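The following exercises concern a single protein chain, shown below. Each task is followed by a solution in steps.

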Amino acid sequence: MTSSSPSQRLPAFQHPVRPGWVASVALVNVGLNTAIFATLNQLLPMQSLDVAGEHGKEAALSLAGTVGVVVAMVVNLLAGALSDRTRSRSGRRTPWILVGALVACGFLLLLSTAESVATLCLFWAGAQAGLNAMMAAVTACVPDRVRPERRGLVGGIVVTGITVGVMLGSGVGMVAGERVRLGYLMVVVGLVVSLIPYLLTRDDPQLAAGAVPRITKSEFMRGFAVNLRTHRDFGWAWLGRLLMMTAIQLLIVYLLFFLRDQLHHSDPPAGVFLLTAVYAVGTVVTAALAGQLSDRTGRRPLVAVASALVAVAAVLLAVAPLFGGVSMAMAVVAAVVLGIGNGSFLGVDFALITQVLPDAAENGRGMGLINVAASLPQIFSLGLAWLAVTHLGGYTVLFTGAAVIAILAAASVYRVRSVK
């Protein structure tokens, strides 16, 4: 990073983190991701139909989703970097988590009242700003407080919270049904409840006076330009995360259409729910286990194996239509393999990334950059999937391409030299 980095270091690892603190960080991720995925996968689509009609719902949803992702990336970067330099009695990260939650709750409640495409986009952008301010701060907590040799286990537990949030997001939609305002109220209550244990058990040291020198706005913005000659491992880790998230997005973005048009499933939505549940369970079961194993055996081999498993899942989906009556069974097997691969990757790669951040005193800025690698595929995966399915040969090309991208992710981890 640039010379704007803090001139003094925080006493980062004064004592082992308490299990209650680890659980509280994971719980924040549960509430955070429940809010994001319940909105994206259930509530926003229903609102898009209401405000734009049958023929305009796709465009309205795509527009709101794209605006939200752009805001998410910008806020992740800025909130992460600003939290590195925040001085308060409650620490560096806690104010951003708390204020972000308040902003998110306010805009989610406003979003429940949206009656036009413009207000849909505006209120979702505001909610994304709050949610991603929280995300930037909470993801920096682990490298702030956890010793490198324990980050696999702790990172796996935190990732489990993310996946549980995704599952609960689907549950909100099922319980609320078409009662959108009830759905948003459930999300807001869940987000508030998820914060309480963290606020009671927070382990967030204060930034000492004089630890961060004054800098200009231009110097602050230049701090986002990582020197890849000096921090090559960070660059390769960032690329690996981008490639893997792209591969996974390509596997799930058209899953409903794949089941309907290629596997001729009698109830495609139920099929999607089944595959998603299998995938989520696999992720939850393996994330912490793989992370803990990597604390003992090393990170790179497990990240590479996990990436290869995602490639295997992609190939299984590509050939599933060839198996006729057992094609859905093949898809379920693919979901099992994908869940194991995804859980192992997320649990271990999180730990690996925290060990190659450019500046230990600016974990928020570094993790913000990593979060961008996870968000970018949400923007361009739809375009890549559409191109593959409509112009390049269909679902076989789509899933084969995802397998190739996953293999490239596996290869990129071996360019990281400073972590075993």
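**Exercise 1. A residue in a loop**

His-264 lies in the loop between helix H9 (255–261) and helix H10 (268–297); helices here are DSSP runs (H or I, at least four residues), and strands are runs of E (at least two), numbered from the N terminus.

*Solution.* 

Step 1. The basis of the values comes first. This is a predicted model, in which local features need pLDDT of at least 70 and side-chain atom pairs count only at pLDDT 80 or more, while totals for chains, interfaces and linings use all residues. Residues are numbered from 1 along each chain as its sequence is written, and side-chain values use heavy atoms, with hydrogens and water left out.

Step 2. Most residues other than glycine have a negative phi.

Step 3. Buried means under 20% relative accessible area, exposed over 50%, and partly exposed in between (1.4 Å probe, protein chains only).

**Exercise 2. Salt bridges**

Determine how many salt bridges a search of the whole structure finds. Then describe the pairs Arg-93 and Asp-84, Arg-260 and Asp-261, and Asp-295 and Arg-299.

*Solution.* 

Step 1. Side chains of opposite charge can pair when their charged atoms come close. The criterion for a salt bridge is a side-chain nitrogen of Lys or Arg within 4 Å of a carboxyl oxygen of Asp or Glu. The search of the whole structure gives six.

Step 2. Between Arg-93 and Asp-84 the N to O distance is 2.8 Å. Arg-93 is buried because its relative accessible area is 0%, and Asp-84 is likewise buried at 0%. This pair belongs to a network of salt bridges that links Asp-84, Arg-92, Arg-93 and Asp-144.

Step 3. Arg-260 and Asp-261 form a salt bridge with an N to O distance of 3.1 Å. Arg-260 is partly exposed at 46%, and Asp-261 is partly exposed at 36%.

Step 4. In the pair Asp-295 and Arg-299, the closest N and O atoms are 2.7 Å apart. Asp-295 is partly exposed, with 22% relative accessibility, whereas Arg-299 is buried, with 4%.

**Exercise 3. A nonpolar patch**

Identify which residues form the nonpolar patch on the surface, and which elements give two or more residues to it.

*Solution.* 

Step 1. A patch is made of residues with over 30% relative accessible area and no salt bridge; like charges are joined within 9 Å, and nonpolar side chains (Val, Leu, Ile, Met, Phe, Trp, Tyr) within 5 Å. Accessible areas come from the Shrake-Rupley method with a 1.4 Å probe, and for residues only the protein chains shown count as cover.

Step 2. The members are Val-70, Val-74, Leu-78, Leu-82, Ile-379, Phe-380 and Leu-384, which together have about 500 Å² of accessible area. Helix H2 (57–84) and helix H13 (363–391) each give two or more of them.

Step 3. H2 gives the most, with four residues. Leu-78 is in helix H2, and it is partly exposed because its relative accessible area is 32%.

**Exercise 4. The largest cavity**

Find how many cavities of 30 Å³ or more a search of the whole structure finds, and which element gives the most to the lining of the largest cavity.

*Solution.* 

Step 1. On a 1 Å grid over the protein atoms alone, a cavity is a set of points where a 1.4 Å probe fits but cannot get out, and lining residues have an atom within 4 Å of a point. Points are joined across faces, edges and corners, and a volume is the space filled by probe spheres set on them.

Step 2. One cavity of 30 Å³ or more is found. The largest cavity holds about 40 Å³ of space.

Step 3. Its lining includes Trp-236, Arg-241, Phe-345, Asp-349 and Val-416. Helix H8 (232–252), helix H12 (327–354) and helix H14 (395–413) each give two or more residues to this lining, and H8 gives the most, with four.

Methods:
1 Å grid on protein atoms, 1.4 Å probe; cavity = no way out; pocket = protein on both sides within 12 Å on 5 of 7 lines; lining within 4 Å.
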